Structures are given as C-alpha cells and as structure tokens.
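Have the structure open as you read.

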Amino acid sequence: MGVWLFLQRFTVKYFSRLTGQNIVVLSGIYISLSWLLLFVSGEHQLSDSFSTFFYYIVVTASTVGYGDHSPESTLGKWVAALFIIPGGLGLFAIVVGRVATVFVTVWRKGLLGKRSIKMEQHILLLGWNGNRTLSMLRMLLHEEHGRRSIVLCSRSEIENPMPDKIEFVRVSSYTNVEEMARANINKASCIIVDALHDDVTLTAALFAAGQNPNAHLLAYFDDEGLSQLLKLHCPNAECIPSVAIEMLAKSAVDPGSSLLHQELLSTDKGMTQYAIDYPYTQQQTTFSALFEHFKHRHDAILIACDSGHGIQVNPPLSLPISPDTRLFYIADERVNNMTWPEV
C-alpha cells in the first residue's frame, strides 16, 4: 500500500467528521509540525522559546499579523508561506466555526426547551395557555424582581416566549419522571399548574405533589369538583377556581367591581394586594395597632389576616395578632422595608 493511499484512508477514517477530539489532534499535529519545520529552518528566534513560538502561531493563524515576530531565513519564509499560514488559517476557521456552532446549539437547546435546568428555589409553571400564560409570566417577573428564577414547562410545541427573562423546558408529559427532572421539579419552591384541560392539571398537580411535597403548590381549575378532589389528596395545595361567572354577576349588581378586582390583582398599575408574615421576633399585638401602622407609616391598608385557621377578612380591630400570622394588605407597591419595631 502506497504512503499517500495510507494517509488518505487514515484521514477519511479518523477526520471525516470533525469531532472535538479530532480538532484537538489536528491542532497538536499542526503545532508540532510548525515548530519542527521552523527549528529545521534555523528559525531559533521563533522555535527556542515556547511562549514566542505559540504567540507567533496564534497571531499568524488568526490573520492578525502584528509583524513583531517573523521568519528571517529563506527556508523559514517558505515554511511560513506554504504550511504555517495556510494550515493555520484553515485550522483557525474550523475552531472558530466549531465554537460558534457549540454556542448556537446550546442557545437553540435552551430556546426549544431541551436543556436541563440547574437551579433551586425557583418558580415552576406547568402549562401553556397563550396570552394568559404570558400575562402570568409578566406579573411574576414584576413581583419577584429577580429574587427567584422562573421556569416555564410546557407540552406545547412552542419556543421560549421570553428567552432573556425565563428558562424553558419542553416535555411530552407532565408526569414523566425523567423529563420533569430536567425542570428540577424537586427543587422548586413554588409550582403553578395551569394546563389547557382540568384533567391534565389534576394529574400534573398530583405528580408535582409527589415529587416535591414541600413546594407551594397552586392549581387553576374551571371545574370546582376537580379542585375539591385535589384538596382531598393534597390538603396543602392551593386551588384557584375560575371566577369569571362570579365577576359578571358582581359587576351587574355593583358596576365597576370587575375593574376593582382587576386593579387589585394587577402588579403594574394601581393598588395591588400583597401578603407578609408578622415576624416571630415581634410580640403579640392587635389588628388595630397594625392597621394604623400600615396606613400611617407605609400608606397601605390592612384588609385580612390568617393565623393558620383560615383567612379573616376585615376582622375586629381588637383581634390579637400573634407572630407568624400572615397579613394581607393593599398598597401601590410591595412594602419591603417594613418598620416592625415601631409597631
């Protein structure tokens, strides 16, 4: 077998597909041959120092060509013209192309939801309902202010609707253990289930509760019966029923009620309802003291509380408030600098 035929078959066998390993091998061969040819040519200024040689190879291969180092002998110039420059240009183009391909592939995998999410204490949203989901994502982003990352997980054939703001995972089923593990469901602090159909919402919520029983689980249902069924199996789940019919009836009797409720729920305009826990470091107080403090100090209105036995809306002013009681209030923005010592 001739030498050229052997080299041809060797090249086709090992370098027909330019994998990362093949590129590393090619780079090693190119650098070694370049150094050997320069050394044989008597270019000791370039070959004696590895730092100078490597700098010269990189500058030459990348076409920068500062000119501070160059061959001086005739043979060295031929080596540079016939091997170092052409080989370096080709190899540099391959490396740059491969690196760009890797970055594009990673970006596309994220856009298509094929990557695994490596985060904890995030908000995981299961389901896609078009504009309704987009509105929910915008509200969550406004509310969190970067405190918790948001991950959208969907079965629909969509791309990440907000690639610069949220993470996206696409699955074939909300009950597939391996696929849901890519969304790191067992590390989420809050799981919101809002699928297209109530039966899918129910199964997804039950699966999520089994995978992460410590997460705050919320599920939206059109059918209140399924909502009660989920509560039967997951008492800690928070089920959000559809209130469209109730809103229509309320607005018919009290015009403007729908606008009021919309403003209380919207986070980007007008007054909004928020919640905060009364710190365990505080002493027991009364609803009246907290009501006056919220209004006078933070221009907020205290409307309800929950001490663990259900929410009390507009409770008596004399109601005792113990530490760890959840307080609900209305304000223009969430109060992050609550002055509890002044209560």
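A polar atom of the S251 side chain lies 3.1 Å from the backbone nitrogen of S258, a polar contact in the sense of N or O atoms within 3.5 Å, one able to donate a hydrogen and the other to accept it, where residues adjacent in sequence count only through two side-chain atoms. S251 itself sits in helix α10, which covers residues 244–253; helices here are DSSP runs of H or I with at least four residues, numbered from the N terminus. Leaving aside residues up to four places away in sequence, S251 touches S257 and S258, contact meaning heavy atoms within 4.5 Å.

A word on the model: it is predicted, with local features needing pLDDT of at least 70 and side-chain atom pairs pLDDT 80 or more, while totals for chains, interfaces and linings use all residues. Residues are numbered from 1 along each chain, and side-chain values use heavy atoms, without hydrogens or water.

Now turn to helix α4 (residues 50–61) and helix α5 (residues 74–112), which pack at about 70° with axes 8 Å apart. The axes are lines fitted to C-alpha atoms over the stretch in contact, and angles run from 0 to 180 degrees between N-to-C directions. The two helices, α4 and α5, are therefore roughly perpendicular, a label for angles of 65 to 115 degrees. From α4, Y56, I57, T60 and A61 meet A80, I84, I85, G88, L89 and F92 of α5.

Finally, zoom out: the domain assignment, automatic or from a database, gives domain 1 (16–112), domain 2 (123–246) and domain 3 (271–331). Over C-alpha atoms, the centres of domain 2 and domain 3 are 29 Å apart.

Technical notes
Parallel < 35°, antiparallel > 145°, perpendicular 65-115°, else oblique.
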